[in-house]
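Reader: I should like to learn how to read the features of a structure of this kind. Might we go through them one at a time?

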Amino acid sequence: MSQPPSPALPGELKPVTIHLDRWREALPPDAWPDGFPEAGEVWRRDVFAVADAWRAGEATPRQLLSAVLMWGYGPIGYGPWRTLRSLESDPDGKRLAHALDGLRAPAPDEDALRAAYQRLRDPKGSRLPRLGPGLFTKLLYFAGYRRGVGGRQPLILDTVVRGRLPVEAGVRRESGWVSEEWLAYLGWAADQAHRRGTEPDEVEMALFHDRWA
């Protein structure tokens, strides 16, 4: 009897475990993503499904943010509280919608990626409390990544990945988290993926899991 296909994306080692009861209790009903796993294990594909629904107009930006942060925080105890703080600052989702608007395109270009990053980083733009670059690049990744397209794709840049990037990736260890360094990293990852015949996010996963060589 054949085994069912793995839900893991290439390079993904395991799902993220979350305490669903804590998240259900903390998040507003309107921010809960429809069809999200109920078993307490979340794969990247589960979050991408919410992103697909958002692009189709069938999920709200708040639902997408919740899905991303549940995956991003995982079992960390303060995750639900911090996510609620971010959601409360944008109760109608308009700031998120403005930040992510350019990522609905079939293949967001560099200008769209830069604009989304800058809006989420700018206190006078779409920046939300408790949503620094290490988290909002997760949001940009799920909202804007286009598998199979190649080229410069939005990727996660958190402290773990940043600490393992080589100098040629263009990100300083004491980075100010500016958009041009993020774009430089995306370009470097795209080049590495092309050379190896992989997806750009496999480069990010290898860095995160300390398997880059």
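This is a predicted model: local features need pLDDT of at least 70, side-chain atom pairs count only at pLDDT 80 or more; totals for chains, interfaces and linings use all residues.

Reader: Let us begin with helix packing. At roughly what angle do the axes of helix α3 and helix α7 cross?

Author: The general idea comes first. Two packed helices are described by the angle between their axes and the distance between the axes. In this structure, helix α3 (residues 61-73) and helix α7 (residues 133-144) have axes that come within 10 Å and cross at roughly 120 degrees. The two helices α3 and α7 are therefore oblique to each other. Their crossing is right-handed.

Reader: Which residues make the contact between α3 and α7?

Author: From α3 the contact involves L64, L65, V68, L69, W71, G72 and Y73, and from α7 it involves L135, K138, L139, F142 and A143. An α-helix has 3.6 residues a turn, so residues three or four places apart point the same way.

Reader: Is α7 mostly covered or mostly uncovered?

Author: Helix α7 is mostly covered, since twelve of its twelve residues are buried. Among them are P133, F136, T137, K138 and Y141. A residue counts as buried when its relative accessible area is under 20%.

Reader: What covers the buried residues of α7?

Author: The cover includes α2 (44-55), α3, α5 (94-100), α6 (110-121), α9 (179-196) and α10 (200-208).

Reader: How far apart are the end C-alpha atoms of α7, and what span should its residues have?

Author: The end C-alpha atoms of α7 are 15 Å apart, and at 1.5 Å a residue its twelve residues should span 16 Å, which agrees. The same reading applies to α9: its 18 residues should span 26 Å at 1.5 Å a residue, and its end C-alpha atoms are 26 Å apart, which agrees. For α2, which has twelve residues, the distance from the first C-alpha to the last is 17 Å, close to the 16 Å expected at 1.5 Å a residue.

Reader: How do α9 and α10 cross?

Author: The axes of α9 and α10 come within 8 Å and cross at roughly 105 degrees. That makes α9 roughly perpendicular to α10. Their contact is formed by Y185, W188, A189, Q192 and A193 of α9 with P200, V203, E204 and L207 of α10.

Reader: Against which helices do the buried residues of α9 pack?

Author: They pack against α6, α7, α8 and α10. The buried residues of α9 include S179, E181, W182, L183 and L186.

Reader: Which residues of α2 are buried, if I may return to that helix?

Author: They are R44, V47, F48, V50, A51, A53 and W54. Their cover includes β2 (41-42), α3, α5, α7 and α10.

Reader: Let us turn to backbone angles. Where is phi positive just after α2?

Author: Just after α2, G57 has a positive phi of about 80 degrees. Just after α9, G197 has a positive phi of about 70 degrees. W177 has a phi near 60 degrees, a positive value in a residue other than glycine. This residue, W177, belongs to the loop between α8 (159-164) and α9.

Reader: Is W177 buried or exposed?

Author: W177 counts as buried, at 17% relative accessibility. D210 likewise has a positive phi near 60 degrees and is a residue other than glycine. D210 is in the segment after α10, and D210 is exposed, with a relative accessible area of 54%.

Reader: Which residues does V16 touch?

Author: Not counting residues up to four places away in sequence, V16 touches G40, E41, V42, M70, W71 and G74. V16 lies in strand β1 (residues 16-17) and is buried, with a relative accessible area of 19%. V16 and E41 are 25 residues apart in sequence, yet 5.6 Å apart in space, C-alpha to C-alpha.

Conventions:
Residues are numbered from 1 along each chain as its sequence is written. Side-chain values use heavy atoms; hydrogens and water are left out. Axes are lines fitted to C-alpha atoms, for helices over the stretch in contact, and angles run from 0 to 180 degrees between N-to-C directions. Helices (H or I, at least four residues) and strands (E, at least two) are DSSP runs, numbered from the N terminus. Angles under 35 degrees count as roughly parallel, over 145 as roughly antiparallel, 65 to 115 as roughly perpendicular and the rest as oblique. A crossing is left-handed if the near helix is turned anticlockwise from the far one by less than a right angle, and right-handed if clockwise. Contact means heavy atoms within 4.5 Å. The expected span of a helix is 1.5 Å times one less than its number of residues. Buried means under 20% relative accessible area, exposed over 50%, partly exposed in between (1.4 Å probe, protein chains only).
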